[in-house]
Amino acid sequence: MACLGLATTAQAQTNTIPLKDFSAFQNPGKSWQIAGDVNTDLAKENKLSTSGGEGILVNTPTKRNKGKDLFTDFEHGDMDLELDYMMAKGSNSGIYLQGLYEIQLADNWGTTGLSASSNGGVYERWDESRPKGQEGYQGYAPRQNAGRAPGLWQHLKISFQAPRFDASGNKTENAKLLRVELNGVPVHENVELFGPTRGAVSTKEKPTGPLRIQGDHGAVAFRNIKVSHYNKPRPELKNLTYTIYGGRFDQEPQYDSIPPEAEGPTGMLTSSLNAKAKQYLIRYRGTFVAKEPGEYTFNITTPGGSGMVRVNGEEATPMRYWNGGGSVNLPAGEVPFELLYSKYMDWAQPALVLQVSGPGLREFLISDKEVGLADVVDPILVDVKERPVLRSFIDLPGNKRVTHAVSVGSPTDLHYTYDMDHGTIVQLWRGGFLDATPMWHERGDGSSKALGSVQHLAMPVLTIAHLASAQDAWAPDTAGSSFKPKSYRLNKKSEPTFSYQVYGATVQDAISVIENGQGLRRELTVQNPAANLYARLVEGDKIEDAGKGMYVVDGKAYYVRLDDAAGAKPVVRTSAGRQELLVPVREKLVYSILF
């Protein structure tokens with residue numbers, strides 16, 4: 001019998017935990033509350049303020065009320081978890097899968113080093129009997145520093161595989177983190193969890209356990225908590241046989257007209273059955289045992305050839321080159337199974353990957369192993385220490401390509417892209433610098449991609465425009481502006497100052513990274529500013545005035561802080577259904593983007 005191994009995509013019922021009350025949790029402590037909104041002050045440690053309503057789960061422990069951990073009223077095995085969370089300044093918390101394995105949540109804003117206790121890390125296991133200083137072990141730092149500032153919403157996605165046990169209760173397989181994404185960036189993949197991490201509710205592992213949120217360390221908030229359970233029994237593939245036919249087959253042949261070269265029973269689907277020929281067809285037949293009725297999806301990959309899957313007499317994936325996919329509805333029980341693998345490209349190595357998912361089941365790998373595909377390209381990654389400034393094309397959402405983009409990296413892991421055609425910042429991100437594979441692989445297309453957690457600021461338009469009044473529509477392009485980019489120069493830190501002319505004024509646009517990578521500081525120096533010039537600092541769906549020159553953009557995605565407007569008064573206005581933060585231009589304008 002061939003068992004189905006685990007992959008990473010999924011098919012399950014997703015439930016959102018209601019946050020109208022605490023009905024989904026066990027005995028919440030007094031530090032927990034349900035709120036409609038939550039905010040923080042970047043100057044105050046471990047402090048969140050709330051307002052009435054529902055939809056947000058908030059923990060605000062104090063010295064008097066230290067708080068306690070929060071447990072769900074359900075237990076889980078294999079599960080996907082997705083949620084938003086917000087940290088207070090200096091705070092930390094954690095998500096314990098099954099109450100045992102902690103994913104660390106922490107405010108690491110302004111730090112660059114990564115460890116198991118960093119935001120998104122897998123916390124260490126702990127053994128007091130080990131030598132002093134070595135008690136912690138088997139912790140995993142996140143791949144990238146993808147966290148954001150306190151008071152901003154962050155997004156976490158976890159795909160978790162529970163430990164496996166035999167009928168006697170002996171563990172046969174360790175728990176795994178199949179994938180963890182922090183703010184859209186993969187920070188862990190296929191991480192094996194050999195046992196409970198420090199602070200677990202027990203040292204004993206089980207097939208299921210409650211989801212646990214750490215509540216005794218710091219102020220933290222959660223919303224949009226979605227859980228997908230994978231608790232259905234796995235299907236099986238049994239009574240598998242193979243038949244090999246020599247030659248090239250672009251489609252399914254008439255089997256009675258060709259003699260087989262080899263045949264027999266097998267315990268595994270594989271592309272390697274010692275077929276010496278460069279062109280051949282393998283026909284697998286057997287029985288697919290569906291433990292649950294419902295829709296099953298099959299995905300087959302056959303680089304260098306083609307493949308087909310037929311289940312219960314129905315073609316799930318038709319015979320086609322390279323890859324294919326499709327679904328069939330199956331009853332519970334045993335049904336006929338057939339797979340064809342035709343290898344006919346002489347240059348290709350044999351390769352067959354078949355995956356299946358079903359009701360309440362992750363996508364399983366049926367083939368013997370995950371094989372390397374023939375066209376995989378080693379990525380060409382740009383190290384910020386070797387090349388801190390790179391000119392390339394940059395593609396933005398909405399199929400917008402910036403053709404004169406300058407991407408500027410920093411050792412603090414905060415980077416940005418500047419559009420020289422409009423004199424504006426179009427994106428910033430935290431994490432790795434650039435993937436230049438699209439630009440430098442073979443002929444390339446001239447583009448590069450940000451590697452980290454990206455915040456797009458707006459579609460490219462001029463930073464400075466002439467308006468008859470503060471309510472005029474912002475110019476959609478450079479027509480009539482006499483915009484002319486001049487050059488840029490780098491300081492000793494490789495931080496650029498861009499120069500350009502617009503509406504008769506000469507602008508020096510100096511952009512620097514705030515200490516420890518907390519954000520960007522932008523200083524615009526304007527010579528001979530004409531009347532009625534405005535700078536657009538930011539555009540978004542929503543811009544909230546947080547007081548003292550601070551603005552929160554797009555539902556707490558990032559901050560904009562007005563540092564020096566030379567006495568000019570900022571304006572938040574609505575235009576074409578969007579909000580914009582404008583400042584009248586004088587000789588100097590300084591503001592920061594905190595991220």
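Predicted model: local features only at pLDDT ≥ 70, side-chain atom pairs only at ≥ 80, totals over all residues.
Local features need pLDDT of at least 70 and side-chain atom pairs 80 or more, while totals for chains, interfaces and linings use all residues. Residues are numbered from 1 along each chain as its sequence is written, and side-chain values use heavy atoms, without hydrogens and water.

Visitor: How many residues of strand S31 are buried?
Guide: Strands are DSSP runs of E, at least two residues, numbered from the N terminus. Buried means under 20% relative accessible area (1.4 Å probe, protein chains only). S31 covers residues 424–430 and is mostly covered. Its buried count is 7 of 7.

Visitor: Which residue in S31 is the bridge partner of tyrosine 418?
Guide: Two strands pair if DSSP finds at least two bridges between them. S30 (residues 414–419) and S31 run antiparallel, joined by 6 bridges. In S31, the partner of tyrosine 418 is isoleucine 425.

Visitor: Which residue takes a positive phi in the hairpin of S30 and S31?
Guide: The hairpin has 4 residues between the strands. The phi in question is near 65 degrees. The residue is glycine 423.

Visitor: Which residue in S34 is the bridge partner of glutamine 427?
Guide: S31 also runs antiparallel to S34 (residues 453–456). The two are joined by 4 bridges. In S34, the partner of glutamine 427 is histidine 456.

Visitor: Which strand gives the most to the lining of the largest cavity?
Guide: On a 1 Å grid over the protein atoms alone, a cavity is a set of points where a 1.4 Å probe fits but cannot get out; lining residues have an atom within 4 Å of a point. S31, S40 (533–540), S43 (558–564) and S46 (588–594) each supply at least two lining residues. The top giver, with 4 residues, is S40.

Visitor: Is threonine 497 buried or exposed?
Guide: Threonine 497 sits in strand S37 (residues 496–502). Contact means heavy atoms within 4.5 Å. Beyond neighbours within four places in sequence, threonine 497 contacts residues including Tyr488 and Asp509. Its relative accessible area is 13%, so threonine 497 is buried.

Visitor: What volume of space lies in the largest pocket?
Guide: A pocket is an open set of grid points with protein on both sides within 12 Å along at least five of seven lines. Points are joined across faces, edges and corners, and a volume is the space filled by probe spheres set on them. The largest pocket has 20 lining residues, among them Asp78 and Arg164. Its space is about 400 Å³.

Terms used. Buried < 20%, exposed > 50% of the residue type's maximum accessible area, 1.4 Å probe, protein only.
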